[in-house]
Amino acid sequence: SPEVGSPFTLPEGFWSAVDVWIKKPHVVNKRLCGVTETEGEDVDREALRFLLHEPQLSHQVFSFLTCGVTPAQTHDKDKPWSHSVRTIVPKVNCYGTNVHREVVLKGKVTFLPFEEDSEGQVSLKRGNIYQIQLLHRDCETWALELHALTPDAWFSDGVAYPKLPWLSTDLLPKLVRWATECRSSEFRSTLSLLPVQKYSVMYQQLKEKYKAMVKVWPEVTDPEKFVYEDVAIATYLLVLWAEERAEKGLTARQSFVDLGCGNGLLVHILTNEGHPGKGIDVRKRKIWDMYGPQTLLEEKAITPSESFLFPGTDWLIGNHSDELTPWIPVIAARSSYSCRYFVLPCCFFDFYGKYQRRQCKKSQYKEYIDFIAEVSRVSGFETEEDCLRIPSTKRVCLVGKSRNYQLPDEAEAEQRRAYYVESRQTTTGVTVQGSDIRNDGSYCHGNRDTDRTPGTSWGAGFQPRDRVETVRNCASLPRDFVDGVVLQVANVLLGMTEDDSRGSSSDWNRGGSLSVSEVAGLLEQETLQLLKKECGGLQTLLKNNHQVFRVEGGRVYIRDWRDRKSSRADTKRKPVAPGAMKTRPCWFYDHHPQRCPLQAEHCAFAHGPDDLRPSTRPLKKIKNDAFQF
């Protein structure tokens, strides 16, 4: 029973923590996709009848529920036995047609699991009934305890039913942390707009279907991250669109255009799953040729104007669309009254440049999401927010499925949009010739289909990205500049422990450590200004030189290649094979006062010119065959 400090957050913090386990168990149990929950009066009473079937059983359960109840454990004193039923959704369905459900009694947090077969027959998992109790030991100490009704009969399948020790060693400590942190998320729960079970099934199907893309990925980006992220985004859209068709009674699959489609994989998957559409991006990627002719991808710079409206398209997509992100709700609204949109914002752009922060009480990310939501509302959409399950810190999406005005009010809605876009021009300091607003304040375009001139650029002042991608990860910095920074930082770190290693030749100097900000203080202002122009700045430069440095927890260390556990990357490093090609010199052999701590045959880098063995093999060519499914 872990003790809980910070009494000021309790008992309220306890209920917040328990709510995470009840509503989002996948946060802890990674083998679950989530749960669907029915609360209060909406709970099917038949699901509770099993408690009354056997008098002996119900008496034992009732005693377990009521023993030692204290006021601190009663969340709702008027309804001490309020309840909900949650259906557990595993990532991979290994249970056939059986459904795993739990009655959650919230007066004293108790979980009563039961199974329901295809015929609706309910059976109680008596051995897996358990409670989570909050105990008030004294004025400043609380404790969490886990109690099982019959511990010896506990059954674990490793998925819906974890092992009992796991609940104690993994779940309880997390509940303690959540209860005392007293933090609430700025955003909604993941997949709040979708049925989780349908998402889980489709995601597993698509993941299996497209996993081969990881092996043939020709881009320099991480294949696992980008492939599975796009699979998850495609899953979200496919389920969202399937629900829309069911709700509206549609049979035809929705069409789409992905603006700023990047590698085009999302377009490829959606097309392959039966949705007509295309992707547009300013720069063609190598992987485009692998998809085949059925995946429509266009290399074109997108400038918000009459030339880039899509009146026949159902959905516009902005997946990390950067400078196009704020424009997508506007373009969707002006394309047609029936056009909808989906955006997943990433980098912070306004209509005419970088987004400028205005509020310090919110995180920059939350403020930007709120800005895009404001753009959406002004553009005329009923705006919904959701959080995706993708391997990214930028996971919040915005969806515009319907309008907040009627079709006859289109001219008035367009005037609001035009005024808003023009107001952002002055906010970002952009002067634009030829405003869309007349001097009398009326909107000049009238009917969009007849009065606007083709090619009219109501996005004048918008700067699309360059067709040639600029490398800004410190890789293009002059070699002499990088080597000078590395040597300067390394000498300072080594000098911090120079006296400790001077007495014995066997004590190789590992150096001290400094925070990244302390390292920045060592450098000249001119050097720092040059590094600020690169993505990640000084920290990126240090991480790029991982032969010399180890950057962990915001601190910089000299890397000791004898320590194979110094980083995750080192544990994967294979021993140097005899006769291995060494294409780079060993920094420690050339610059460390005691040279490299490894013998030449054990070091992956060359000890002197004679140890260099540059590769003479030609680079592998990627076969650009169409990759079809």
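Select T235 and, leaving aside its neighbours within four places in sequence, look for contacts (heavy atoms within 4.5 Å): T235 touches Y199, M202, Y203 and L206. The model is predicted, with local features needing pLDDT of at least 70 and side-chain atom pairs counting only at pLDDT 80 or more, while totals for chains, interfaces and linings use all residues. Residues are numbered from 1 along each chain as its sequence is written, and side-chain values use heavy atoms, with hydrogens and water left out.

Helices (H or I, at least four residues) and strands (E, at least two) are DSSP runs, numbered from the N terminus. T235 is buried because its relative accessible area is 0%; buried means under 20%, exposed over 50%, and partly exposed in between, with a 1.4 Å probe and protein chains only. The side chain of T235 reaches the backbone oxygen of V231 at 2.7 Å.

**Helix α5**

Next, select S200 in helix α5, residues 196–210. Is S200 buried or exposed? With 4% relative accessibility, S200 counts as buried. Show the residues in contact with S200 beyond four places in sequence: C33, V89, P90 and K91. For P90, display the backbone oxygen, which the side chain of S200 reaches at 3.0 Å. Then draw a distance from the C-alpha atom of S200 to that of V239, 39 residues apart along the chain; the separation is 10.0 Å.

**Helix α1**

Go to residues 12–23, helix α1. The expected span of a helix is 1.5 Å times one less than its number of residues, so the twelve residues of α1 should span 16 Å, and the 17 Å between its end C-alpha atoms agrees. Colour the buried residues of α1: G13, F14, W15, A17, V18, V20, W21 and I22.

**The sheet β16-β18-β17**

Now show the open sheet of three strands, ordered β16-β18-β17 with antiparallel pairing; two strands pair if DSSP finds at least two bridges between them. β16 (513–515) and β17 (549–552) are at the edges with a single partner strand each, so one side of each has no neighbour in the sheet. From one strand to the next, the twist averages 25°. Between β17 and β18 (residues 555–558), the antiparallel pairing runs over four bridges. Pick V551 to find V556 of β18 opposite.

Axes here are lines fitted to C-alpha atoms, for helices over the stretch in contact, and angles run from 0 to 180 degrees between N-to-C directions.

How values were computed. Polar contact = N/O pair within 3.5 Å; in protein donor to acceptor, adjacent residues only side chain to side chain.
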